[in-house]
Amino acid sequence: MTADFENLILKWGDKPADPNTFGPWSPIFDSALARFKRLSDGRSAAHAAPGHKIAIGWSEDFDFNAFAGTSADGDIIAICSNVPISLLLLFKRTLMFKATMPWLGGFDDSHVDPQPLTEDDLRYALERQPPHPTGDMSEVRKRLSVLMTTVALDWFFHHELGHVWNGHTSLMHQRYGVGVFAEIERAEKLPLSGIDRQTLEMDADSFAGRMMSTNPLPEREWLPPNPQWEKDFGEGSTYLIIRIIAVYLTMRCFDDLVSLEDMDNRNYPPVALRQWFFMGAWFAALSKDTGRDSSELYQMVLPVIEFGEEAFARLTGKPVDAAGVKLAYSAEGVEYGKGLLKNWAKLRPLLDPLKRGGTLAPVEEL
C-alpha cells in the first residue's frame, strides 16, 4: 500500500506545509522528515506487506500537535509545522540558562539568563511562535539544542508510528470509520471510552520508548560527558540520559492537570504517568537488547526527573513542583497504571490482527 502525503492529508481535511517556506528553520524540517521516512520505510520493508508505506509530512493546520490516521487510501502521520520550531526554541532557551548542564561551560560572568515564560508559551504555541530567547551561547550548546530537538521530534514521530503499527488507527477505521488519533489539541471526540483511549496512548508512548532505545543517532564526539553521570552509571551514560531528558522535558511542557480526577472524560494519562511509561519501556528494551541490569538502568530516572523539573522551573520562573513525580510514585498512581494494564489485556486481542507489524506488548507486562 502506498500513499502520497499531500493528497492524503487533503482528504483528511487538513493542509500540507511546504518545509522550504520556513527560511532558517527549513534544514531541521528537511532533516527530520528524511529521518522519519528512512525509519518508517526500513520498518515497513522488514515487517509489513510488500509496498507498504506510510505517508509522512508537515501540516499547516494548528489545532493539533500531530496525528496518525488510517483510511482506505493508506496510513498517514502529520506533524504540525510549529512543533519543530517550538521545540528548537524550547531547547535553545533551556540551554541558555547558566545553571543548565554547567559542565558544558560556555558562559562568562556577563551572561544574563533568559526571562521566564508562561506555561502557555512553553506549551507548543501552535498558532504563534514562542518568544525567541535573546543572547548567545557556545557552539556545543547550539549543537546540543539541535540534537535534543531531533530526539524530541523522534518521540512525536514514534508515538504516532505506534498508533499505526500497533493497529490503533486500523481499529478506529474498521469499527467506527474514523481512523485518526490527533494529539493534544484537536478536540475531536473519539468513540472510545476514556480508559480505552488512555490505554492506547500508554501503548503508543511505550512503543516510542522501545523503538527509540536502539535508534541510531548522529555521532556525538563533540558532547562533553557529565563526570558524575559517567561515574554513577557508566561510560556513555551522558548521551543516553540527555536523550531521555529531551523527551521528559517535551512532555513536561504539556503541563496538564496533575490529578487522576475525572479520568473517564480524559483522553490521556497524566503527563507524569506518560513519562514513566516511556522511560520504563526504554529501559526495559535496553536491558533486553544489551543484557544490562535493568535495576541499574532504572536508577537513571533520578537525574532525568531532577534535570527536567529544575529546567521547567527555570523556564517558568517558578519553584520546582514535584506534584507529578509524587503522583507517579503514589499508591494511587501505581493502581491507575495497573488498571491500564488490565485494560490492555482486553484491547490487545482486538489489535493483534490489525497491527501493521508492530510489537504489541504481552498482557503480563508493558
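Student: Which residues does Thr169 touch, not counting residues up to four places away in sequence?
Tutor: Thr169 touches Ala68, Gly69, Thr70, His163, Val164, Gly179 and Phe181, where contact means heavy atoms within 4.5 Å. A word on the source: this is a predicted model, where local features need pLDDT of at least 70 and side-chain atom pairs count only at pLDDT 80 or more, while totals for chains, interfaces and linings use all residues. Residues are numbered from 1 along each chain as its sequence is written, and side-chain values use heavy atoms, with hydrogens and water left out.

Student: And is Thr169 buried or exposed?
Tutor: Thr169 counts as buried because its relative accessibility is 0%. Buried means under 20% relative accessible area, exposed over 50%, and partly exposed in between, with a 1.4 Å probe and protein chains only.

Student: Where does Thr169 sit?
Tutor: Thr169 is in helix α6, residues 168–176. Helices here are DSSP runs of H or I with at least four residues, numbered from the N terminus.

Student: New topic: which residues touch the most other members of the largest nonpolar core?
Tutor: Leu144, Met148, Trp155 and Phe278 do, in a core of 82 residues. Such a core is a set of buried Ala, Val, Leu, Ile, Met, Phe, Trp, Tyr and Cys residues joined through side-chain atoms within 4.5 Å. Helix α5 (residues 139–165) gives the largest share of this core, twelve residues.

Student: What does Leu144 contact, leaving aside neighbours within four places in sequence?
Tutor: Leu144 is in contact with Leu95, Met101, Leu104, Trp222, Leu223 and Ile242.

Student: Nice. How do α5 and α9 cross?
Tutor: Their axes come within 9 Å and cross at roughly 65°. Axes are lines fitted to C-alpha atoms, for helices over the stretch in contact, and angles run from 0 to 180 degrees between N-to-C directions. Among the residues making the contact are Leu144, Met148 and Trp155 of α5 and Ile242 and Val247 of α9.

Student: What about α9 and α10, at what angle do they pack?
Tutor: Helix α9 (residues 237–252) and helix α10 (residues 271–290) pack at about 160°, with axes 9 Å apart. They are therefore roughly antiparallel to each other, a label for angles over 145 degrees, with under 35 roughly parallel, 65 to 115 roughly perpendicular and the rest oblique.

Student: Which residues meet there?
Tutor: Among them, Leu240, Ile244 and Tyr248 in α9 meet a set in α10 that includes Phe278, Trp282 and Leu286.

How values were computed
Helices (H or I, at least four residues) and strands (E, at least two) are DSSP runs, numbered from the N terminus.
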